[in-house]
Amino acid sequence: MSVALDARLVGFARALRGHGVVVGTSDVVDAGAAAHVLGLEDRERLREGLASALLRRAGQRQVFDDLYDVWFPSAVGDRSHGTFEAPPATLPDRRSRAEELRQQLARALADADERALDELAARVVAELGALANAATTGSFSAQQALDTLAPQTAIAGALARMQDAAENAPGGSGDGSGGSGGTGAGVSGPAGGGGFASRFSRDELRSGVAAFRRRVEVETRRRNAEARGAERISRYAVRPPADQTPFLLAGPHELDELRSAVGPLSRKLATRLAARRRRASRGSIDVRRTLRRSLSTGGIPIRPALQHAKPHRPDLVILCDLSTSVSGFSRFTILLVQALAAQFRRVRILGFVNRVDDLTEQVLGAPPGSDLSSAFDDLSRMTRWHRNSDYGAVFADVVEHHLDAIGHRTAVLILGDARSNHTEPQVDMLREITGRARHVSWLNPEPARMWGSGDSVALLYSEVVDMHECRNLAQLRDFVSRLLPV
Amino acid sequence: MTPRFGSIDEVTSRLAETGYLASDAIATTAFLADRLGKPLLVEGPAGVGKTELAKAVATATGAELIRLQCYEGVDESRALYEWNHAKQLLRITAERDAADGWDALRDNIFSEEFLLPRPLLAALRSEQPVVLLIDELDKADVEIEGLLLEILGDFQVTVPELGTITARHRPFVVLTSNATRELSEALRRRCLFLHIDYPSAELEQRIVTLRAPGLDDALVASVVRLVQRLRELRQRKSPSVAETVDWARTLIALGATRDADLSAELVRDNLGVLLKHQDDIERAAVALDLPAPATR
């Protein structure tokens with residue numbers, strides 16, 4: 001293979017590493033061998049081949065695909081073949097152009113025409129996404145293109161088109177030749193005619209629009225990479241995988257993604273916790289039973305009897321900061337604990353801002369997967385006098401009112417950033433909690449280097465309890481599977 | 001070593017002959033695993049055909065399938081080899097009075113005759129090319145992975161009494177995992193990784209048509225659209241391909257073979273074939289706007 005391809009692969013691997021994907025030298029060698037065997041004719045096959053060599057787990061696929069589109073672009077230039085028009089100059093021009101493109105989008109969505117959609121995405125970026133200074137830097141903005149186009153408004157048009165098609169097509173009444181779109185070219189998309197399946201056409205179109213947005217983003221990255229270099233674009237324009245997204249920076253979309261990861265993750269963790277518990281309960285020899293058994297073999301202990309520890313599940317008390325700065329993290333962790341509740345003898349959930357409120361009923365009483373935000377949003381019983389978090393007052397409150405929840409079998413989990421707004425930290429109160437509980441862990445969503453800066457009293461508290469950095473899903477998963485006492 | 005497959009299209013067509021419809025990703029990766037001589041680590045949700053892939057490759061290439069089913073506590077003697085103690089004891093007893101004494105006997109009882117090959121050794125020693133399937137590796141303990149490293153890296157294994165045994169034919173190795181335990185990096189590094197996801201709508205239609213013949217195309221399209229929609233709802237357990245096929249067969253059994261037969265009542269009454277949790281079913285009923293069940 002050529003030197004140029006090798007250099008490309010090495011740069012690609014380095015970009016992957018920059019996004020937290022572990023890629024070894026041997027993996028890059030494998031990728032080179034794969035590219036050699038597969039050739040460069042089929043871009044999608046090369047993608048799969050490189051993915052199999054460079055990736056080791058499924059969660060990294062999104063990052064891989066984004067970077068692959070940057071490093072191995074599907075085309076060079078604007079792929080217009082001269083058919084695209086110049087970006088409109090004035091505002092009314094932009095509006096009318098957007099309207100025209102929107103109608104084309106509705107048609108392509110209704111027909112589920114992959115090629116038309118692809119071409120349309122390229123055209124939208126070229127005509128609506130070009131930035132004002134494009135002439136000098138050649139830059140494009142997906143945000144600007146999508147804001148102008150507003151692709152979600154094409155859904156109604158597409159739906160109307162599909163209904164027309166269903167009414168005009170023969171066989172809608174079920175004489176055997178039914179299903180206008182089902183057997184035709186558009187089998188993979190929302191092209192079907194009437195019947196039962198038509199009731200989720202709208203949802204399918206919504207997914208189609210979401211996919212179109214992604215196409216536009218991919219196309220924008222490709223164009224920008226051409227202008228500014230693949231290395232730069234892959235550093236800034238590619239989102240980290242979901243389990244590396246910092247909790248504190250997650251927007252509503254990322255939080256939604258994280259929430260959907262709770263179910264599968266909790267099942268995995270439950271299996272792991274059960275396995276850990278099983279492993280812990282075997283291995284030590286029960287001397288009395290071994291001696292009694294040895295009598296049948298003439299006093300020689302041939303078959304040792306092992307102790308079976310009684311299944312012992314700890315209590316769990318969660319003390320979580322629900323003030324706005326960290327509530328995303330706390331909510332996510334509570335959802336995870338709710339899903340794992342069966343692993344513990346008893347779970348108490350105490351929410352606080354500067355006063356403690358018992359949320360156990362609301363959280364554990366709700367069916368799994370339901371929206372818990374009403375329980376969390378009501379801060380009135382968690383605040384007193386002001387709405388800033390005050391850890392010292394909270395620990396004093398716990399010692400005064402909720403100490404009965406903490407005993408020698410209780411593991412206490414504290415969730416929060418330990419930013420106490422310059423109030424008295426009251427470390428003694430935390431020490432009293434630690435003295436009663438079997439184990440106290442603190443999960444802090446801030447990076448460890450920020451602890452102790454500004455109004456953070458994390459360093460003071462970390463002398464008393466085990467404080468763990470827990471910035472993203474990967475670290476949380478690690479903590480639960482390895483360190484959470486079971 | 002002669003490659004098993006000539007091109008990616010050949011992989012697709014030969015797997016299709018055995019009744020396994022592979023996506024382009026699966027065919028490409030299987031082709032690479034053969035060409036590069038590397039084991040294939042397959043992950044993915046239950047019921048998307050991870051184990052079937054190994055079986056299909058075995059059938060397509062006319063090779064024997066050797067399967068190691070992993071479970072908690074599987075060990076060397078179950079996975080690799082074991083000495084046949086009973087037979088060894090018999091031999092010792094039978095030769096007690098022989099002239100050449102203990103030295104000859106000792107050399108003798110640790111020979112091929114008394115070796116019980118388990119799947120891994122059997123795959124390495126086979127005269128014919130084989131497909132080795134190591135199923136649900138995540139269920140086994142971590143120790144077994146150390147044992148696999150030598151086999152997967154160099155296709156050889158060391159038995160203290162016999163020396164190092166190297167594979168005559170490099171087997172086509174498929175490892176499957178449901179990711180209940182994180183496999184070690186050392187093991188992952190030695191494999192090509194393939195994540196099999198739920199198939200695309202177009203591929204799933206072909207699978208349903210193949211596995212449950214008798215439905216007309218429009219109905220198959222509707223069935224697949226329904227299933228794909230259910231998967232987007234983020235259920236506790238999303239319906240997999242196996243369940244789609246089951247549901248198509250249910251429809252045949254109920255006599256609904258045309259698209260017009262698919263009614264909201266029919267879907268509501270048989271949703272249990274696709275979804276296995278009550279709250280999943282309730283959520284789907286709301287999302288699909290199904291009528292409330294008839295009161296009895």
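Which residue in S7(B) is the bridge partner of B:Val159? In S7(B), that partner is B:Gly163. The structure is a predicted model, in which local features need pLDDT of at least 70, side-chain atom pairs count only at pLDDT 80 or more, and totals for chains, interfaces and linings use all residues. Residues are numbered from 1 along each chain as its sequence is written, chains are lettered from A in the order in which they are written, and side-chain values use heavy atoms, with hydrogens and water left out.

**Strands S6 and S7 of chain B**
- Strand S6 (residues 156-159) and strand S7 (residues 163-166) pair in the antiparallel sense over 4 bridges; pairing requires at least two DSSP bridges, and strands are DSSP runs (E) of at least two residues.
- A hairpin of 3 residues joins S6(B) to S7(B).
- In a regular strand the side chains alternate between the two faces of the sheet.
- B:Val157 and B:Val159 form the covered face of S6(B), and B:Gln156 and B:Thr158 the uncovered one.

**Helix H1 of chain B**
- Within H1 (residues 8-17), B:Ile8, B:Val11 and B:Leu15 are buried, that is, under 20% relative accessible area with a 1.4 Å probe, protein chains only.
- These residues lie on the same side of H1(B) because they cover an arc of only 50° around the axis, taken from the directions from the helix axis to the C-beta atoms.
- B:Gly19, with a positive phi near 90°, follows H1(B).

**B:Asp216**
- B:Asp216 is located in the loop between helix H10 (201-211) and helix H11 (217-232) of chain B.
- B:Asp216 counts as buried because its relative accessibility is 18%.
- A polar atom of the B:Asp216 side chain lies 2.9 Å from the backbone nitrogen of B:Leu219.

Notes. Buried means under 20% relative accessible area, exposed over 50%, partly exposed in between (1.4 Å probe, protein chains only). A polar contact is a pair of N or O atoms within 3.5 Å; within protein, one must be able to donate a hydrogen and the other to accept it, and residues adjacent in sequence count only if both atoms are side-chain atoms.
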